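Here are my notes on this one, point by point. Have a look at the model alongside them.

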Amino acid sequence: MGNTNTGNISFSSAILTSFLVFGIASIPFIADNLLLYPVLVFLSILAFYIISNSFKTDYLHIIYFFFFLVILSPPLEISSNLPRIRLDEILIYLFFPIVFLLNPKKFKLNKNGKVFFRIYLLFIGLVCISTLYGKIFLAVPVGRRDFFEIVTYLKYLIAFVAIYSINLNFDEIKRLLYAILFLICVSGIFGLIQFFGLFGIDNYTAPIYLLERSYIVNERLTATFKNPNNYSVLLVIGHIIALSLYFYEESKRNKLFLLSVLIFFLLLLFFAGSRTMIASYLFITIILIFIISIKRGLKTSQVIFITSSLSIVFIMALSVISYETYIRLQSGVDILNDESFAMRIIVWYLNILVFLKSPLLGWGPAKDLYTTVVDSEYILILRRYGIVGFTSYIFIYLHPLVLAFKKIIDHSKEVSFLSIIYFSILITFLITCLTNSVLHDFQLMDLWIVLLAIFLKYVDLLELNNSTLSSMSSQSKP
């Protein structure tokens, strides 16, 4: 972990920095571009933090700040010539590379981190090959949007490498997990206020968070996300973290808090109205309780209590959601007669036909030629990058999934605990990608890639330490 300077900033430096913050934050009002305000305030606060700590940064604070931006901040349009950008992306592009400059000796990819890095780098390479192949042999128009697609994939790699270079112990990771739960709760409270239009806040926030989809603000809960389905994925991630912590916590006060969080997330999930994620919620809850029951040797009474509590809330939630949401959820049971599902089948069919015309290397992103809305990440990747690209893509999920599964049986309580969380999240993602996309949702992917880097680094450090101890032990024997 990075160094932290505990000394106080001098009075003159504080005054100078304050004037700098005030000056930068005033620019949007002078330039008549209010959307620049949060961007410049963010940069000002970041600059103030770095200066006040004499350029010695505690990277744990940066990760907290990153999660705050990922979950709560909206996308911003700085220029009509550029795609909308998020504040967490600015942190990745501008600050994360500094991590390498400040810690060149600390950066080293170990076993599992190195494997994932190579898999992901192979995927990016195949994306570039597919793009060139489409341009040269299939006459696909390659524009700025296709270029930004590759830049986005590189951004995730930058985030992974930067976070992987930071050493965190188990207690610090656990605090980060609680921070994520807290931020999801804040997002949910804001979402309910927006959903019900309290104080007329939806008139101001919907255009910022939902952009052209602001018309659904009072129909389905989106909170601080643009898409209610992707927000539902975040809620299931929060559910996985909270349920895992509930069974591993010893403190009754913490257990009560986690139980409240579990109930709150379930209510939010119903208001979001994602049929896929409600099915995923039920499936992953069963898997989680089953695995934890075996690992922790839970009493039957404990399992009955938590399942009964969630079942009661599940039934109660059906009585408070709107009629439209209830009809939508009910249609998920009879998918053969659901118009939405029928349209999705047609879209899948048409995109598979496109894939079959270039099955090996695909067409590249081809954003100016084909739609980006496919409602299945698997079919979208197949169409864009072919079988070769899809193979490398799927291993981005499968490698950490297999690793997490192996580590679940680890004798260490901490390793198995983190592995259960990450294994469950990956199962959720694999289900999500059947009807949605994770790789192309900036908020979900930014959160996922950082959590992945933390998990792989923690596992690699433990394996390295165990290997060192084992080597020392063997050398000490006569």
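1. Beyond its neighbours within four places in sequence, histidine 239 is in contact with Leu262, Phe265, Tyr281, Thr285 and Leu310, contact being heavy atoms within 4.5 Å. For Thr285, 46 residues away along the chain, the C-alpha separation from histidine 239 is 8.6 Å.

2. Before going on, a word on provenance: this is a predicted model, where local features need pLDDT of at least 70, side-chain atom pairs count only at pLDDT 80 or more, and totals for chains, interfaces and linings use all residues. Numbering runs from 1 along each chain as its sequence is written, and side-chain values use heavy atoms, with hydrogens and water left out.

3. Now the salt bridges. Side chains of opposite charge can pair when their charged atoms come close. The count here is ten, using a side-chain nitrogen of Lys or Arg within 4 Å of a carboxyl oxygen of Asp or Glu as the rule. One of them joins arginine 86 to aspartate 88, with the closest N and O atoms 3.0 Å apart, and both of these residues are buried. Glu89, Lys155 and Asp446 are linked in a salt-bridge network.

4. Which residues does glutamate 149 pair with? Lysine 367 is one partner, at 2.6 Å between the closest N and O atoms. Glutamate 149 lies in helix H6 (residues 144–164) and lysine 367 in the loop between helix H14 (339–357) and helix H15 (377–408), so this pair ties together parts 218 residues apart in sequence. Arginine 384 is another partner, with an N to O distance of 3.0 Å. Since arginine 384 is in H15 and glutamate 149 in H6, that bridge ties together parts 235 residues apart in sequence.

5. Check the backbone at alanine 366: phi is near 45 degrees, a positive value in a residue other than glycine. Alanine 366 is in the loop between H14 and H15 and is buried, with a relative accessible area of 2%. Leucine 211 also deserves a look, with phi near 55 degrees, again positive in a non-glycine residue. Leucine 211 is in the loop between helix H8 (202–209) and H9, and is buried at 15% relative accessible area.

6. On helix packing, H5 (residues 111–137) and H15 pack at about 165 degrees, with axes 9 Å apart. (Axes are lines fitted to C-alpha atoms, for helices over the stretch in contact, and angles run from 0 to 180 degrees between N-to-C directions.) That makes H5 roughly antiparallel to H15; the cut-offs are under 35 degrees for roughly parallel, over 145 for roughly antiparallel, 65 to 115 for roughly perpendicular, and oblique for the rest. The contact includes Phe116, Ile119 and Tyr120 of H5, and Arg384, Tyr393 and Ile396 of H15.

7. H7 (residues 170–195) and H16 (residues 413–435) pack at about 30 degrees, with axes 11 Å apart, which means H7 is roughly parallel to H16. Phe170, Ile173 and Leu177 of H7 meet Glu414, Phe417, Leu418 and Ile421 of H16. H7 passes H16 in a left-handed crossing, and H5 passes H15 in a left-handed crossing too. (Left-handed: the near helix is turned anticlockwise from the far one by less than a right angle; right-handed: clockwise.)

8. Last, the core. The largest nonpolar core has 131 residues, and Phe67, Phe96, Phe160, Tyr393, Tyr397 and Trp448 touch the most other members. (A nonpolar core is a set of buried Ala, Val, Leu, Ile, Met, Phe, Trp, Tyr and Cys residues joined through side-chain atoms within 4.5 Å.) Leaving aside neighbours within four places in sequence, tryptophan 448 is in contact with Phe116, Ile396, Tyr397, Tyr422, Ile425, Leu426 and Phe429.

Technical notes: Buried < 20%, exposed > 50% of the residue type's maximum accessible area, 1.4 Å probe, protein only. Helix = DSSP H or I, 4+ residues; strand = E, 2+ residues; numbered from the N terminus.
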